[in-house]
Amino acid sequence: VAIPMGVKTGKVYQKKIFVTSSVYKGNNIITSMNLQGISFLNLHVETPYTVLKNLALNYFQEEINLLPPDIKDMALLQILLNRLNKKELDYFKNIEAPLDFINALSDFFSNLRYFGIDLENLNPDFFMQKNKGKNLILLYKDYLEWLKKNNYLDVESLFCFVKDKLKNCGPINDDVYIILEEDKHNKDFLDIISKITSTEVECIIKSVTPRHRDTVTPDFNLSRSPYEEVDDILKYINLKQIPFDKVEIICSDFNKYSSIIYQSSAKNHINCSFENGMPIINFDAGKLVYLYIKFLKSDFNSNILISLIESGFFKFENKEETISYLKALKIGWSKPRYSSVDFAEKLFSFFDFKSSENIVQFIQEYFIAINDREKNAKDKLINKLLELDIKDIDKDIILKKIESMLINQNIMQESAKPGSIYVSSYDSGGNTSREHVFFIGLNYDYIPGKESRNSTVGNEEKINISER
């Protein structure tokens with residue numbers, strides 16, 4: 001990254017805020033610059049989101065109740081199911097995958113909110129099918145009412161909120177803002193920052209020119225499976241005795257490959273840190289919650305309970321005796337069949353599921369963390385679960401969200417660390433200046449940048465809406 005010379009020489013002691021899409025990426029870029037002999041005093045890393053949130057809280061003295069993405073998804077699913085149950089959505093009445101539809105609906109509403117488009121600016125005639133437009137407008141109306149009722153401000157509206165507050169406001173500080181030009185809303189964010197500071201805003205572009213690699217020819221390796229692919233790379237690193245903190249592995253499909261790398265590196269005693277963290281299900285606390293849900297949904301199948309007790313992360317006395325006893329009873333399933341089991345009453349008290357708080361209590365009672373990493377993962381999972389404890393959302397929706405969250409959400413995000421291989425994604429990797437970089441998973445199915453689209457709202461419909 002090329003930092004403007006004025007920042008290096010003329011503004012040594014001023015507070016500098018380096019704005020990137022993630023704190024971890026920003027820290028990696030700063031570390032990379034330090035390795036190249038470039039350093040700064042009073043340099044802080046923030047994201048556009050944290051800059052705007054801090055403005056609202058610290059300068060405008062506004063208490064902002066921002067809507068977490070997980071709660072937004074649950075609220076939209078609740079709104080959709082309510083309308084479907086009332087048979088009020090004729091266009092979407094046969095929708096087969098509500099959770100997939102919610103992602104597309106959320107993106108559509110996010111764009112409407114970001115550009116300040118309210119109900120008065122929408123018309124069913126803007127859409128290719130009028131009944132489709134009516135259905136989407138009805139869902140959008142319910143969403144806006146839900147936000148108001150629960151006193152939430154969604155992230156997209158935060159841009160509009162801060163812009164509105166800055167209309168009659170002069171510069172607030174003289175901080176130096178260094179912005180990595182990558183965010184999709186970058187122009188609007190630059191407009192906001194230019195009104196905040198009395199100092200010129202520095203906008204930089206990440207270089208795409210290879211550094212010191214003009215004569216390097218990449219090697220290609222063909223593997224029969226992702227597991228073999230990971231093993232081949234780790235074996236090569238060990239064989240060549242490459243220091244771990246000289247290595248970065250960039251994944252085309254981060255969640256898929258990070259899980260494999262995590263398992264293989266642990267087996268081979270290789271230290272790794274993960275830019276985007278890892279899916280919750282990879283950690284013992286995530287596996288405990290997975291078994292909790294599986295046991296609950298199976299009507300308390302005794303085989304699942306045995307698996308739970310056998311696991312190394314479930315706190316339980318006399319495990320072997322209990323397992324033999326349960327197998328001899330041949331319970332099968334159903335809570336009443338556990339009447340002769342002395343620990344059943346206490347255990348089942350955690351399975352009267354009403355909210356995510358029940359699962360949190362279950363974790364606190366029974367989970368064993370085998371190391372600090374697992375303990376930290378448990379704490380982060382508990383925080384995520386507590387965020388989902390919303391009163392006006394059906395418990396079945398909360399349970400579905402938790403199931404989805406275990407597989408699709410990551411925790412334990414990290415910056416590059418000494419003594420560790422750094423595992424990053426194709427979209428945001430390559431910021432560490434490490435000497436040995438491996439790209440993994442570049443087969444046809446996982447080539448990054450394959451075209452995708454939101455099929456909920458077509459391009460012509462978007463044009464109709466934007467023209468208004």
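Predicted model: local features only at pLDDT ≥ 70, side-chain atom pairs only at ≥ 80, totals over all residues.
Start with the whole. The protein has 18 helices and ten strands. It counts 468 residues, and 47% of them are buried. Take the contacts between residues at least 6 apart in sequence: 75% of these join residues at least 24 apart. The protein exposes about 25,300 Å², and carbon and sulfur atoms supply 49% of that area.

Now turn to helix 9, residues 226-239. Which residues of helix 9 are buried? They are E229, V230, I233, L234 and I237. These residues cover an arc of only 125 degrees around the axis, so they sit on the same side of helix 9. The face turned away from that buried side carries the exposed residues K235 and L239.

What do the buried residues of helix 9 pack against? Their partners are strand 5 (247-251), helix 10 (254-267), strand 9 (421-425) and strand 10 (436-440). Look at S265, which is found in helix 10. Its relative accessibility is 4%, so S265 counts as buried. Beyond its neighbours within four places in sequence, S265 is in contact with L234, I270 and C272. L234 is one of the buried residues of helix 9.

Helix 9 also takes part in a ring pair. By the ring-pair rule, the protein has 29 aromatic pairs. In one of them, the rings of Y236 and F438 have centres 6.0 Å apart and planes at 75 degrees, so the pair is edge-to-face. Y236 lies in helix 9 and F438 in strand 10, so the pair ties together parts that are 202 residues apart in sequence. Y236 is partly exposed, because its relative accessible area is 36%. F438 counts as buried, because its relative accessibility is 16%.

Most residues other than glycine have a negative phi. Q241 is not a glycine, yet it has a positive phi of about 55 degrees. Is Q241 buried or exposed? At 69% relative accessibility, Q241 counts as exposed. N151 is not a glycine either, and its phi is positive, about 55 degrees. N151 is found in the loop between helix 6 (130-149) and helix 7 (155-165). At 59% relative accessibility, N151 counts as exposed.

Finally, go inside. In soluble globular proteins, nonpolar side chains tend to be buried together. Here the largest nonpolar core has 103 residues, and F351 and F362 have the most contacts inside it. Apart from that core lies another, of 23 residues, among them L55, L158, I192 and I196. Leaving aside neighbours within four places in sequence, F362 is in contact with L288, Y292, L308, F314, L347, F350, F351 and F367.

F295 and F351 form an edge-to-face aromatic pair, 5.2 Å centre to centre, with 85 degrees between the planes. F295 sits in helix 11 (residues 284-297), and F351 in the loop between helix 14 (344-348) and helix 15 (356-366), 56 residues apart. Both F295 and F351 are buried. Ring pairs link F295, F351 and F362 into a cluster with other rings, including Y292, F314 and F350.

Methods: Residues numbered from 1 in each chain as written. Heavy atoms only, no water. Buried < 20%, exposed > 50% of the residue type's maximum accessible area, 1.4 Å probe, protein only. Helix = DSSP H or I, 4+ residues; strand = E, 2+ residues; numbered from the N terminus. Arc of directions from axis to C-beta. Contact = heavy atoms within 4.5 Å. Areas by Shrake-Rupley, 256 points an atom, 1.4 Å probe, with all protein chains shown as cover. Core = buried A, V, L, I, M, F, W, Y, C linked by side-chain atoms within 4.5 Å. Phe/Tyr/Trp six-rings, centres within 6.5 Å; stacked < 30°, edge-to-face > 60°.
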